[in-house]
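I open these notebook entries on one structure.

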Amino acid sequence: IVAMKSGGISYYRIVAPVLIVAFFVSMFSVVWAEKVVPAAKVQYGRILEYEIKKNTKPRTQDHVIIKTLSGSTQRITYARRFDEEKGLMENITIEEFEKSHLARIQTAKQAYWENGSWRLEDGTAKFKEQIIPLDVTPREISWEQKEPEEMTIRELREYISVLERQHQPTARQWCEIYMRISIPLASFFFAMIGAPLGTQKQRTSSS
């Protein structure tokens, strides 16, 4: 460094390679955390359930619970099995609470997604078919069963918009988005801090 400075090379030219490499490392980390890590966590869960625990169905398709809020009415929809590709829920129980008190319970054999709504079949209330007041798509149900660490930033943002419509807390999802960006950028910012300290001619002070 002393030789480069005495040869007339500017400080910015000396530290430029360090900052450029640190920037690309940070960008690579952002892409890695967005494209690779969530998918890897999903596969980890699948391997754990399928190969190790020998479960016949993936975790995201069993015991699905959906919480929605409409005015003063809170609705909890439980499905024993859920298939996102087919848009199908089986063995359904719907509990409706008004002012924190249980008002109605309804069960049905299955529900299927059609024309933007969930349709119940073979219910206990003597009906052959009925539309559920549930404004949640099959994809959004899958989001609700995932952990934030298993979702991409795009999925997190879309899921946050769903939660905000239902007046549900979104702090955990926002925190995950910020961490996906801030932690990889630490490489670049530490390079910015370390470059001037590393190019000092004398390092006698405690700092």
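Which residues make a nonpolar surface patch of about 390 Å²? I find Ile 20, Phe 23, Phe 24 and Met 27. Patches take residues with over 30% relative accessible area and no salt bridge, and nonpolar side chains (Val, Leu, Ile, Met, Phe, Trp, Tyr) are joined within 5 Å. A salt bridge is a side-chain nitrogen of Lys or Arg within 4 Å of a carboxyl oxygen of Asp or Glu. Areas are Shrake-Rupley values with a 1.4 Å probe.

I note that the model is predicted: local features need pLDDT of at least 70, side-chain atom pairs pLDDT 80 or more, while totals for chains, interfaces and linings use all residues. Residues are numbered from 1 along each chain as its sequence is written, and side-chain values use heavy atoms, without hydrogens and water.

I looked up Phe 24 in helix α2 (residues 11-52). Phe 24 has a relative accessible area of 55%, so it counts as exposed (over 50%; buried is under 20%).

Last, I checked helix α5 (residues 171-198): its 28 residues should span 40 Å at 1.5 Å a residue, and the end C-alpha atoms lie 38 Å apart, which agrees. Buried residues in α5 include Ile 177 and Pro 184.

Conventions: Helices (H or I, at least four residues) and strands (E, at least two) are DSSP runs, numbered from the N terminus. The expected span of a helix is 1.5 Å times one less than its number of residues. Buried means under 20% relative accessible area, exposed over 50%, partly exposed in between (1.4 Å probe, protein chains only). Patches are made of residues with over 30% relative accessible area and no salt bridge: like charges are joined within 9 Å, nonpolar side chains (Val, Leu, Ile, Met, Phe, Trp, Tyr) within 5 Å.
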